[in-house]
Amino acid sequence: MSSADLPAPVPPRILDRAVPADRPAAQRHDLGRYLRQMRLPRLGETGQRRLAGARVAVIGAGGLGAPALTYLAAAGVGEITLFDPDTVDATNLHRQVLFTEADLGRSKAIAAAEHLHAQSPQVSVRAVVETLTPANALERLAGHDLVLDGTDNFPTRYLASDACEILDLPLVWGSILAFSGQVSVFWGAGGRGVTYRDVHPVPPRPGEVPSARRPGCSGCSAA
C-alpha cells in the first residue's frame, strides 16, 4: 500500500487539548459559583478546574470581543489577556456591552479589564493597550491555550492565524456584517488541521469587502 492509499490523518479534537488542572489559578477559584455549569455532562469539577487553569488571549474588545470576554470571565476562565489599542466611543455602546458612558474616551482594554474584575474577581485579566504586529505576535500569544480573534481587519486576522499555526494554538475566529455572522475554529494541529489561510489563501483587495460601518451592525448579531 502506498502513502497515497493511506487515510488522511484526522485532526485531534479541541476537547482533547487538556489544560492542566493544577495551575495556580485553578486552585484559587471558589467553585461554588459554578455549580450550575459543573452539572453539565463531561464538565464537572475537573472540567471547571481546567477552565480555571486556562489561559485565553482575546484580540479586540469590540462587538465580538466584548460579549466573548464577558462570558469567558463569567464561566471561570482563569487568565485572560486582552489586546486592544482603541478607546471607547459613543457609537460602540449599542453592541460592545462591557462599556458604559462613563468609559467614553478610555482605553478599551483597561476599561474592559476593570469591568471583568468587578464581575469575576477570581479571574486575572491582563490589559495590553497595543496592536499585534509581526514583530511581537509570537511573543505575546505564546503560553496561551486558546486565542479568540474578534478583529475587524484582514492583516490582523492573517497575522493571528499564522502566529497560532506556528505556536500550535487553536484559534476561534468570528465576523459579523449587518444581520449575518460567521464563526469557526481553526487549528493547524501540527499540519493535520485547517487554518484561516487555508480557507482564505488570498486576502481581499482594498475595498472589495465592506466594513461593518457601511451596512451597519447589530449587537444581537454579535451575541
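**Stop 1: a glutamine in a loop**

Select glutamine 96, which sits in the loop between strand S2 (79-83) and helix H5 (108-119). Keep in mind that this is a predicted model. Is glutamine 96 buried or exposed? With a relative accessible area of 2%, glutamine 96 counts as buried, because the cut-off for that is under 20%. Now show side chains: those of glutamine 96 and lysine 108 are joined by a polar contact of 3.0 Å. Leaving aside residues up to four places away in sequence, glutamine 96 touches Ala61, Gly62, Gly63, Ala66 and Lys108.

**Stop 2: helix H4**

One of those contacts, Ala66, is also among the buried residues of H4, so select helix H4 (residues 65-75) next. Why call H4 largely enclosed by the rest of the structure? Because 8 of its 11 residues are buried. To colour them, pick Gly65, Ala66, Pro67, Leu69, Thr70, Leu72, Ala73 and Ala75. Then step just past the end of H4 to glycine 76, where phi is positive at about 100 degrees.

**Stop 3: the sheet**

Switch to cartoon view and find the open sheet of 6 strands, with mixed pairing and the order S3-S2-S1-S4-S5-S6. Its edges are strand S3 (124-128) and strand S6 (180-186), each pairing on one side only. From one strand to the next, the twist averages 15 degrees.

Zoom in on S1 and S2, which run parallel and are joined by 5 bridges. Which residue of S2 is the bridge partner of isoleucine 59? Phenylalanine 83 is. S2 is mostly covered, with 4 of its 5 residues buried.

**Stop 4**

Carry on into the loop between H7 and S5 and you reach aspartate 168. Check its backbone torsions: phi is positive, about 60 degrees, although aspartate 168 is not a glycine. At a relative accessible area of 29%, aspartate 168 is partly exposed.

**Stop 4: the cavity**

How many cavities of 30 Å³ or more does a search of the whole structure find? The search finds 1, and the largest cavity holds about 30 Å³ of space.

To see what surrounds the largest cavity, select Ser161, Cys164, Glu165, Leu169, Leu171, Phe186, Trp187, Gly188 and Thr195. Which element gives the most to this lining? H7 does, with 3 residues.

**Last stop: alanine 189**

From the lining residue Gly188, go on to alanine 189, in the loop between S6 and helix H8 (196-199). Alanine 189 is not a glycine, yet it has a positive phi of about 50 degrees. Buried or exposed? Alanine 189 is buried, with a relative accessible area of 2%.

Note on methods. Residues numbered from 1 in each chain as written. Predicted model: local features only at pLDDT ≥ 70, side-chain atom pairs only at ≥ 80, totals over all residues. Heavy atoms only, no water. Helix = DSSP H or I, 4+ residues; strand = E, 2+ residues; numbered from the N terminus. Buried < 20%, exposed > 50% of the residue type's maximum accessible area, 1.4 Å probe, protein only. Polar contact = N/O pair within 3.5 Å; in protein donor to acceptor, adjacent residues only side chain to side chain. Contact = heavy atoms within 4.5 Å. Pairing = 2+ DSSP bridges. Axes fitted to C-alpha atoms, helices over the stretch in contact; angles between N-to-C directions. 1 Å grid on protein atoms, 1.4 Å probe; cavity = no way out; pocket = protein on both sides within 12 Å on 5 of 7 lines; lining within 4 Å. Points joined across faces, edges and corners; volume = space filled by probe spheres on them.
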